[in-house]
Each structure stands twice: as structure tokens, then as C-alpha cells.
Amino acid sequence: MPSVILDPLLQPFRLKHLTLRNRVVSTSHEPAFGEDGMPKDRYRAYHVEKARGGVGLTMIGGSAVVSPDSPPAFGNLLLYRDDIVPWLRRLADEVHEAGAAVMCQVTHLGRRTSNFSGDWLPVVSASPLREPAHRAFPKAAESWDLDRIVADYASAAVRCREGGLDGIELEAYGHLLDSFLSPATNHREDEWGGGLENRMAFPRRVIRAVREAVGPDFIVGIRMSLDEAQPGGLTFDEALTAAQRYAADGIDFISTIHGSIERDASLAKAIPSIGTPLGPYLDFTGEIKRRLTIPVMHAARIADVATARHALREGLLDLVGMTRAQIADPHLVAKVKAGQEDRIRPCVGASYCLDAIYDSGDTKCVHNPSVGRELHLPHIISLTTGRRRKAVVVGAGPAGLEAARVLGERGHDVVLFEASDQPGGQIRLAASNPRRADLIQIVDWRLAECKILGVDLRLGVYAEPDDILAEHPDLVIVATGGTPDRSFLTAGEGLVSDTWDVMTGSLRRPRGEILVYDDHGGYPAMDAVEVLTASPDLRIEYVTPERALAPDVGSMNSPAYLRAFTAHGVTITLARRLRSVRRTGDGRLAATLYSEYTEAETERIVDHVVVEHGTLPTDELYVELLLGSTNFGEVDHRALLAHERQDVVRNEAGRYQLFRIGDAVASRNIHAAIHDALRLCLPV
């Protein structure tokens, strides 16, 4: 490992008058943790945690908005309100006290929002072109719109300065400023459109107004696409010219973006997800750094310390954005500094942090449930001050591994039984999709932590009640997961396969026509189809009762699946429910599909039927252990939500507390399983 002295990540950096303690940045992003458009306690705690974790610069307000006709699209902060200043001041003070700098991204969303939210004002853009992702039809901004928006930018920047922030970053990719700069979105025929000089005139006007409003000593940066990588879009040469002009107008640093974000397919390239190379745009950014005189920052799948070090050592950038990596582990820098790099919780690239904003309202890390819950769930777990207890955990999927890890961190004596000779549970199934192999890091990190913490891991042991009782436990946690549910079929349950059969390879060398039925709407059936597309001899039909394809798979992850669907010619059938399957006279399968809209049945004759309908709890062990428990398995929800110890006693003669977590309770997802374990075990 490099020494602290020589580690490029840990070297200070001078940005104008400001000295950052290291080169690591949490770049601008919006976790949607604000309340009433303000960065209140939850928002502040999220960023203060990163500051305490050692980051040099944390950037808030991923697209904090400057005007009422830029209504929040994903929890944006409202910089057009004066009452945001005290909240900014409190956040800045606490971040500074922890040793980090803090800036805010400032924007007018332009067309990248909804016509039907906020104050229901018409949204504006350079030209009246629909924004695909947020579905707004904007009006072309008039001269009076531009006048007021320039003034709004200046006022918002002043509020950030009055709030004690170290600087701001103007956002110029997918929003209003670059809708003028890009020929793909600027079709105007007035003084704001046409050639490059005209197209960059409005962004330059904003930059100059902001600089005049905040004065020469306040840091102003810009985050912009330097190549939209789309037909008719902004090219590298034009973008570089614009960046040079912006610097002359008063921009102090640039954060580089490659690509565009208006469509799911391009968004997934600009913000690369799981299964893509690390640091794909570092060489691109290095070329920009060679041509500009201002500092260069960049963040795009720089998910690990080695990639970040490489970028700095090779001079490809000045400041390295490790944003998703610090969502997974906000103490990443502190662990590097302490020589504990191997204990950094890895970012696996699942992009749940982004998709969850639209799926469930705010950012969530797929395997760090403390993110956004810093006021209640610590990232650093302390030793118990009470009695050391003997705990038995059954099942080494994500829930069981997390329970064992947390109990180990608390200092308890932990035994973990796992029936398989390989831990991981359903994560191991998902990771058998080669593109999503990095998911196994969720398992590997917990295994490594459990070994450090002295957890007694017993693989290949199908634990019976006697095995558990022989450990004389004070606490038993059943995390035995679930098994595929085929019970929804009225007939033919024994004739079908399930997605587990596909992912484990039990469905060997399928041929001919295959129907994949998805009544889950998440990742399992999509993974199964993607794996099946590797076989050239299959004709696949994907059937779902939903009105949309896999509604629980978000925009960051769906493009990779759709690419596989399209390349293989998968047929997609919506709004059909699989009722039954029967064997035909020639040995094939007849699948009966039902439309709830026409109330009619149709039949498909295929060679294989694969179903996905979630799981049913594997709870036999739990049931067998109930009578010997003190609580009969009961969970005190009030105590659970207050993060207090479980003290329910229903059986004075009981010998142990008993709980079940994860899919042993109900079919859910990775985040839910790990969250179950953390909040249950933390107070023990």
C-alpha cells in the first residue's frame, strides 16, 4: 500500500484561495433528503458524515434550482427562497468543523422537469423540444424569461455565499444552460441561436452575472458535457471552445461530463452502471485537462481507490469524484488514511442510489442502509456497553451476513450457519449474470468483516433445532431466505421452471421456444432473460401482467437489459397473466394466458416455461424454534423504529430471543434484507 505521504489521494489541493485537505470529492448529486426544499437535519447529517469520513470537498444541491419555473424533479433544493440561507449556514459550519469544504450545484432545470408539479408554471428551454426522461413540453424562452432567469442565478449564488459555502458549481448538462449551447436542443433563429458564438451567449451572460454578484473571491465552477456523443449534438471542439470562454468569464474549475442524459440509454452511458469498465472517461478528461488552464474535476464510475489513484498519478484530473463510492462508504478517505483500505465497503455499481430516488423517493445504497438515515443508523458501529451475548444466525445470504457482521461489531459471540458450501443466497444467483458479477462484492465484504470480527462461520451445515440449541444461544436470528413461488398457477406447477433454474444452470441447454413469465417486476426475470439470450437457439417471449416492462427496474439499469432484449429479438407481451400450463400430446407445453382487460384467454405452445413470482419464506426452522423462544418471534415495531432493544417477553420459560429477517419474512430486495438486519441487531 502507498504511504500516506506519497498517496496522491491524500495530497492537499489549492483551488483559488481555498486549500482542500485532499483530492477526493463527493461531486454534486441530489439524494432527495431535503424537507420543504431546504437542507434540513437529514440532508445536513448526510454530508457531515462524509466530512467526518475525510472527504476534501463535498458538494450539495445536485441541481439546486434558482427559479419557481424550475420545479423540483428529484427533490431539488430551492435556492430562490431566502429562508434557505440559515440552513445552508448550519450545514456549512458543521462540514467546515469536520475539516471539509462544501459547495452547491446551482441550476435552472429548463425542460428537465415536469409541467405538472410545483407552481404549474410552463417550463422553458432554448427551443420547444420535449425532454424524454421527465416528459415536459417546454416553451421557447422569451427575452423577458432570460432576463429574470439571469437575475435568479445571481441571487441564488449570493444566497450560497451568504450561507457560508465555499463556492458553487453551475450545472450545464441536460438543463437550461446547455440547451442553449447544444445544437441538438437550440434551434433558435434569433441572437441566441445559430453559430457557436450565439449559442454560448446566454450561458456566458449567466456566468458573468453570477461572477459580478458574488465578487472575485467566491469560487464558481461549472459541470458540463464536453462531448454529447450524439448525432447533431455538442462536439468536443465546440465544447472546449465554450469552456475556455467560460473560464475567461470567471469560471474557476470545470467538472467534466461525457455524453447526454435526456434518454435512459444515454444516461446509462454518461453515468455508467454495473457491468461497465471503471473510469471509462478518464483519458477523455485528461485531454481536457491538457487544454485548459483551470482545475479539472471528474466523476464517472471511479468506484475504487486504485482507479482514483491512477487518475491522479497520470495527471488526468486534479480532483477525483468518488461520489457513489462514498455513498457506499462515507468513511472511504479515513480508511485509506488509517491503512484500512481493505475494509472499505465497496460500491458495486448497482445504481440503486439513483434509481431509488424515483422508485421510493430518495437515495438508498443497495447495501448500506445507513445512507440517508445517519440521524438514526450510524455508519460506524460501537461496542455494546451491556452484557456480551451468544448469538446464532442461520443463513448466510445478505440478511444473515449483515446480522452476523453487526453483532460481531457490537462485540457479541456469533455463530453463523449456512446450508450451502457458498454463502450469498440470492445475491449469488443474481451475480451469476456475468454483467452483474460485481454484486458478489456485497457478500465478499461481509465475509471479510465477519472474519476480522471473529464470527464463527460454518458452511455446509443444514442447521436443525438441536444444532442451534447446542450453542446455548441468547439470541437466534433466522435468515433462511425463501424459495421460488409457483403456487399462483392453477395447474402445471410441476411442469414449469423458475428463474433460479436459469441462474443456477439447472435448466440445461434449453432449445426452441421459451416463455418467461414475470409477475415480480424487478430484476430476477430480467436477469434470467439476459442469461438466456446467450443461447442462439432460443426464441424468447417475455410475458408480464404489468402495463410496462419491469416497473421496479429503474432508468439506470433498464438500458442494459433492453439492449439484450433488442439484440436477441425478445418478444415482449404486456398485460397478460399466466394461469396454467399443461403438457401437449407432442410433449411440448401449452401456457394459458389471460387478459384482465378483454377477459379472454389465449394459449402459447412452447418448449419451456420459466416463471418469476417472488419467493415464499423458508421458515420451517423458525416455526420449530418458536415454542422455545421468550418472545414467540414477536417484533416490537415501536422499539424497532426507535432503534431500541427488543424486550418483548411472551414466554417466561423461553431460553432465547427469536427473530427472522430478510426473505425469511417476505419476498423483498437486497436493501430491505440488510436494513432488517442492521436495525434489529444494532441495539443488541
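Are helices H14 and H16 roughly parallel or roughly perpendicular to each other? The first legend gives the answer, and every view is drawn from a predicted model.

**View 1. Packing of helix H14 against helix H16.** The axes of H14 (residues 398-409) and H16 (residues 440-452) come within 9 Å and cross at roughly 30°. Because angles under 35 degrees count as roughly parallel, H14 and H16 are roughly parallel to each other. The crossing in which H14 passes H16 is left-handed. On the H14 side, the contact is formed by Pro398, Leu401, Glu402, Ala404, Arg405 and Glu409, which meet Val443, Trp445, Arg446, Leu447, Glu449 and Cys450 of H16. Sorted by class, the contact of H14 with H16 has seven nonpolar and five charged residues, and no polar ones.

**View 2. Packing of helix H1 against helix H2.** H1 (residues 41-52) and H2 (residues 84-97) pack at an angle of about 20°, and their axes are 9 Å apart. H1 is therefore roughly parallel to H2. H1 passes H2 in a crossing that is right-handed. From H1, the residues Asp41, Tyr43, Arg44, His47, Val48 and Ala51 meet Trp87, Arg90, Leu91, Glu94 and Val95 of H2. The contact of H1 with H2 has, by class, six nonpolar residues, four charged residues and one polar residue.

**View 3. Packing of helix H7 against helix H9.** The axes of H7 (residues 236-249) and H9 (residues 282-291) cross at roughly 45° and come within 11 Å. The crossing of H7 and H9 is right-handed. H7 contributes Phe236, Asp237, Leu240 and Gln244 to the contact, and H9 contributes Phe284, Glu287, Ile288 and Arg291. By class, the contact of H7 with H9 has four nonpolar, three charged and one polar residue.

View 4. The largest nonpolar core has 101 residues, of which Leu170, Phe202 and Met224 touch the most other members. Helix H3 (residues 143-162) supplies the largest share of this core, seven residues. Leaving aside neighbours within four places in sequence, Leu170 is in contact with Val106, Tyr153, Leu177, Ile207, Val220, Gly221, Ile222, Arg223 and Ile251. Another core, of 43 residues, lies apart from the largest one, and its members include Ala404, Ala431, Leu439 and Val443.

**View 5. Surroundings of helix H20.** The buried residues of H20 (residues 558-568) are Ser558, Pro559, Ala560, Tyr561, Ala564 and Phe565. These buried residues pack against helix H8 (264-270), helix H19 (523-532), strand S20 (538-543) and strand S21 (571-573). After H20 comes Gly569, which has a positive phi, near 70°.

View 6. Thr630 lies in the loop between helix H21 (620-625) and helix H22 (637-641). With a relative accessibility of 15%, Thr630 counts as buried. Apart from neighbours within four places in sequence, the contacts of Thr630 are Val648, Val649, Arg650, Asn651, Gly654, Arg655, Tyr656 and Gln657. Val665 lies in the loop between strand S27 (657-660) and helix H23 (670-681). At 34% relative accessibility, Val665 counts as partly exposed. Not counting residues up to four places away in sequence, Val665 touches Pro617 and Arg660. The C-alpha atom of Val665 is separated by 49 Å from that of Gly221, 444 residues apart along the chain.

View 7. Most residues other than glycine have a negative phi. Lys16, a residue other than glycine, has a positive phi near 60°. Its place is in the loop between strand S1 (13-15) and strand S2 (18-20). The relative accessibility of Lys16 is 34%, so Lys16 counts as partly exposed. Glu599, also not a glycine, has a positive phi of about 55°. Glu599 is found in the loop between strand S23 (589-594) and strand S24 (601-606). With a relative accessible area of 63%, Glu599 is exposed.

Note on methods. Residues are numbered from 1 along each chain as its sequence is written. This is a predicted model: local features need pLDDT of at least 70, side-chain atom pairs count only at pLDDT 80 or more; totals for chains, interfaces and linings use all residues. Side-chain values use heavy atoms; hydrogens and water are left out. Axes are lines fitted to C-alpha atoms, for helices over the stretch in contact, and angles run from 0 to 180 degrees between N-to-C directions. Helices (H or I, at least four residues) and strands (E, at least two) are DSSP runs, numbered from the N terminus. Angles under 35 degrees count as roughly parallel, over 145 as roughly antiparallel, 65 to 115 as roughly perpendicular and the rest as oblique. A crossing is left-handed if the near helix is turned anticlockwise from the far one by less than a right angle, and right-handed if clockwise. Contact means heavy atoms within 4.5 Å. Ala, Val, Leu, Ile, Met, Phe, Trp, Tyr, Cys and Pro count as nonpolar, Asp, Glu, Lys and Arg as charged, and the others, Gly among them, as polar. Buried means under 20% relative accessible area, exposed over 50%, partly exposed in between (1.4 Å probe, protein chains only). A nonpolar core is a set of buried Ala, Val, Leu, Ile, Met, Phe, Trp, Tyr and Cys residues joined through side-chain atoms within 4.5 Å.
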